[in-house]
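Welcome! Let us walk through this protein chain together, one region at a time.

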Amino acid sequence: MTSLARKITNTGTKKNIGRFFSFKMRSLVWYESLNERNYMYLLEIDPDVVSYKTQPFKISYILDDKVRRYTPDFLVQRQSKQQIVEIKPATWLDDEKNVKKFPVIASTLKSRGWEFAMITDEMMSRGSLLNNVKLLYRYANILLTLQHLIICHQYFYSKSAITLATAIKDLQPQGIDKPILLKLIFWGFLKTDLLVKLKDNSPIYLSSQAYLAGRQGK
């Protein structure tokens, strides 16, 4: 578990502090709000995210002729860039203090080579994405064998899309049940539209990476 730039504490506040297990980094990650934890779910399933860290460092910036300190919520390492992310309730965006402070912070970070992004609870709750990811996360650590992967690859390779229920029915005789298929969606081996509530009639299909790997193996 990585060290934090500042100590997370509940002293004088009513924060929802806890630790979230990251499959992506194989470690526990601290959060200090439910919105931060929700963002971690989304980072876990985002294929562009290599790694992430909470409370990564402190920076100094100047506002109203005073030197102030800022600790970002997240440092996110993506495939082609590093991103500093602040998590805020949407109701905070119009707060006068935030309207004044964060453009200065964003400019300071940009001068040091970091992109700044503000993520709100409303942005994370669009469609059914967050609820779907939370569901898939429950199955992320179940046992998966090489034989399971081979069977699923062979089954989905020649299909453009097929419902989850049909895949379960066809694959159960070979030891592939619903939890395994949900795990494969979580890990990106299989794909579906996660903005729509995941149901038994949801169409699922082989990811482009898994499909191309199969073609290269021929």
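**A guided walk through the chain**

Let us start with strand E6: 4 of its 5 residues are buried, so E6 is largely enclosed by the rest of the structure. Keep in mind as you look around that this is a predicted model.

What surrounds this strand? E6 belongs to an open sheet of 4 strands, which has the order E3-E6-E7-E8 and mixed pairing. At the edges of this sheet you will find strand E3 (49–54) and strand E8 (115–120), each of which pairs on one side only. From one strand to the next, the twist averages 25°.

Now follow the pairing across the sheet. E3 and E6 run antiparallel and are joined by 5 bridges. You can pick out one of these pairs by finding Lys53, whose bridge partner in E6 is Leu75. Stay with Leu75 for a moment, as Leu75 also has a bridge partner in E7, namely Ile84. E6 and E7 run antiparallel too, with 4 bridges between them. The next step brings in the parallel part of the pairing: strand E7 (residues 82–88) and E8 run parallel, joined by 6 bridges. Here Gln83 has Glu115 of E8 as its bridge partner. As a general point to keep in mind while tracing these strands, side chains in a regular strand alternate between the two faces of the sheet.

Helix H1 (residues 34–45) lies across E3, strand E6 (74–78), E7 and E8. The direction of H1 is at about 5° to that of E6. Helix H2 (residues 96–111) lies across E7 and E8, and it runs at about 145° to E8.

On the way from E7 to H2 there is a loop, and Trp92 sits in it. Is Trp92 buried, exposed or partly exposed? Its relative accessibility is 46%, so Trp92 counts as partly exposed. Another residue to look for from here is Thr120: although Trp92 and Thr120 are 28 residues apart along the chain, their C-alpha atoms are separated by 8.9 Å.

In one example, Lys191 has Tyr205 of E11 as its bridge partner.

Two packed helices are described by the angle between their axes and the distance between the axes. For H5 and H6, the axes come within 12 Å and cross at roughly 125°. The two helices are therefore oblique to each other, and H5 passes H6 in a right-handed crossing. Where they meet, H5 brings Ile151, Cys152, Tyr155 and Phe156, while H6 brings Thr166, Ala167, Asp170 and Leu171. Sorted by class, this contact of H5 with H6 has 6 nonpolar, 1 polar and 1 charged residues.

Moving on from H6, we reach its packing with H7. Helix H6 (residues 164–171) and helix H7 (residues 178–186) pack at an angle of about 125°, and their axes are 10 Å apart. That makes H6 oblique to H7, and the crossing of H6 past H7 is right-handed. On the H6 side the contact is made by Leu164, Ala167, Ile168 and Leu171, and on the H7 side by Lys178, Leu181 and Leu182. By class, the contact of H6 with H7 has 6 nonpolar, no polar and 1 charged residues.

Finally, step back to view the whole chain. Its secondary structure comes to 8 helices and 11 strands. Of the 218 residues in the chain, 43% are buried. Among contacts between residues at least 6 apart in sequence, 58% join residues at least 24 apart.

Terms used. Residues numbered from 1 in each chain as written. Predicted model: local features only at pLDDT ≥ 70, side-chain atom pairs only at ≥ 80, totals over all residues. Heavy atoms only, no water. Axes fitted to C-alpha atoms, helices over the stretch in contact; angles between N-to-C directions. Parallel < 35°, antiparallel > 145°, perpendicular 65-115°, else oblique. Left-handed = near helix turned anticlockwise from the far one by under 90°. Contact = heavy atoms within 4.5 Å. Nonpolar A, V, L, I, M, F, W, Y, C, P; charged D, E, K, R; others polar. Pairing = 2+ DSSP bridges. Buried < 20%, exposed > 50% of the residue type's maximum accessible area, 1.4 Å probe, protein only.
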